[in-house]
Amino acid sequence: MNYRVFSFQSSILHSMTKRIAIFGSTGSIGTQALDVIAANPTLFSVEVLTAHTNGDLLIEQAKKFNPNIVVISDDKQYQKVKDALSSTHIKVFGGEESLNEVAAMDVYDLMLAAIVGYAGLKPTLSAIENGKVICLANKETLVVAGDIVMQKAFEKNVPVIPVDSEHSAIFQCLIGEGRNKIEKIVLTASGGPFLGRKPNYLVNVKRDHALQHPNWTMGAKISIDSATLMNKGLEMIEAKWLFNLQPDQIQVVIHPQSIIHSMVMFDDGSIKAQMGLPDMKLPIQYALAFPQRIPNQFPRYDFRKPNTLTFEEPDVKTFRNLTLATEALFKGGNLPCVLNAANEIAVYAFLRNRIGFLDMTEMVEQTMQKIPFIASPTLDEYLQTDAEARSFAASLIQM
Ligand code: NAD
Ligand code: MG
């Protein structure tokens, strides 16, 4: 079976009203998910909302959606959120540990994992451990510890439904394909704001320019990852775990228009593509409502309008993050975890104007060379690897 989720008889997937927990509700994915839910109040109820530092938005969301529980993981914001919701029945939790505890609670059926970065790993594992359906936006979870996450999901009979647009596309292409063999998948990449640029240009690129993505409006971290092509590297590793693929079955192609969201080539050479205008609400609503599709009024792609869809090979000599991620994909073990940790440190340093655009790749490469390789890490070894890689990468900034 290419993808186990199609064989799930999970009653939750077919329940009338799904009880939703949005981990990372104040982010780009989280807020768009709340728009989808607001438009479909009979299909979904909001039971849990979590935010890291944006207490004000969390309060506003809580007042509007009346969840059972909210978590503010930044302790400093706890009292403010607690006071603001004191006249309601909403329970307020504070601190990072609360994320794992609430993820385990029997107050919801489906988690939208929309925290950014490594911070999403533990709450997602806690949800899987407790049998929750996972709609996964947080790709870093699979990059860091994909084998452990997917194995746990298998043991607990938990569906992991992709939200990332490329993976949602592949997921949709695989429906009805049962045991048919995949020859390869083609992940499309827009190329980001610096498509066609060379290192002599990139060396001077500044934060605000790098944050301007041509086709998508997203959180800061993924916007930078898209500009460096690390996002596509992370997505290769995400795809490997989601769809149980060999590294050499995963290909990346630049498609600047972002109309084809990704493709699957089967072993007869036939190719299926999933298409549409670039709008994250579509894969979000697809994942939340799966296996149903829900009608909406989003703008439609019109083939009659003059338009050209183009494809080209990525320039991996300029965007070396893709080469580094490919190395991590093929070598496996704790190397993707190292890559991810170093990249998180690098991106946040770039966002604070501490390092240059090309320094990000340098930092990831040096950290990958430094941290000892472990072929089959335990969860503790992944956590340890993440900590070591972060502290080594951070030490490079001070120099
Ligand atoms: P974002 O920065 O806009 O939002 C992140 C959310 O996570 C916020 O609610 C924030 O409060 C929370 N958060 C941040 N750090 C945290 C921490 N340490 N502990 C707990 N919570 C924390 O990010 P986003 O763009 O919405 O992306 C979320 C995830 O979805 C990422 O993994 C990203 O790669 C993935 N994704 C995003 C898009 C997109 O269009 N934005 C598309 C595909 C995949
Ligand atoms: Mg994507």
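Leaving aside neighbours within four places in sequence, T361 is in contact (heavy atoms within 4.5 Å) with R320, N321 and L324. T361 has its place in helix 15, where helices (H or I, at least four residues) and strands (E, at least two) are DSSP runs numbered from the N terminus. At a relative accessibility of 9%, T361 counts as buried; in this description buried means under 20% relative accessible area and exposed over 50%, with partly exposed in between, for a 1.4 Å probe and protein chains only.

The model is a predicted one, in which local features need pLDDT of at least 70 and side-chain atom pairs count only at pLDDT 80 or more, whereas totals for chains, interfaces and linings use all residues. Residues are numbered from 1 along each chain as its sequence is written, chains are lettered from A and ligands numbered from 1 in the order in which they are written, and side-chain values use heavy atoms, with hydrogens and water left out.

An open sheet is formed by 4 strands in the order 9-8-10-11, with mixed pairing; two strands are taken to pair if DSSP finds at least two bridges between them. Strand 9 (250-254) and strand 11 (271-275) stand at the edges with a single partner strand each, so one side of each is left without a neighbour in the sheet. On average, and with direction ignored, neighbouring strands of this sheet are turned by 20° against each other. The pairing of strand 10 (residues 260-266) with strand 11 is antiparallel and extends over 5 bridges, and S262 has Q274 in strand 11 as its bridge partner. Helix 7 (residues 165-174) lies across strand 8 (182-189), strand 10 and strand 11, and runs at about 40° to strand 10; axes are lines fitted to C-alpha atoms, for helices over the stretch in contact, and angles run from 0 to 180 degrees between N-to-C directions.

The magnesium ion (ligand 2) has D164 (OD), E166 (OE) and E235 (OE) as its protein donors, at 2.0 to 2.2 Å. Donors are N, O and S atoms within 2.8 Å of the metal (3.2 Å for Na, K and Ca), and since water is not among the atoms, sites may look incomplete. The spacing of these donor residues in sequence is D-x1-E-x68-E. Because E166 lies in helix 7 and E235 in helix 11 (residues 230-243), the pair ties together parts that are 69 residues apart in sequence. E166 is buried at 8% relative accessibility, and E235 is likewise buried, with a relative accessible area of 1%.

Around ligand 1 there are 23 residues, of which T26, S28, I29, H52 and E140 come nearest; a residue is near a molecule or strand if one of its heavy atoms lies within 4 Å of it. An oxygen atom of ligand 1 lies 2.7 Å from a polar side-chain atom of T26, and a polar backbone atom of A137 is 3.4 Å from an oxygen atom of the ligand.

Some backbone features remain to be described. Most residues other than glycine have a negative phi, and most peptide bonds are trans. The peptide bond from F290 to P291 is cis, with omega near 5°, and P291 is found in the loop between helix 12 (281-289) and helix 13 (321-331). S258, in the loop between strand 9 and strand 10, has a positive phi near 50° and is buried at 6% relative accessibility. N353 has a positive phi near 60° and lies in the loop between helix 14 (335-351) and helix 15 (357-370), where N353 is exposed with a relative accessible area of 54%.

Technical notes: A polar contact is a pair of N or O atoms within 3.5 Å; within protein, one must be able to donate a hydrogen and the other to accept it, and residues adjacent in sequence count only if both atoms are side-chain atoms.
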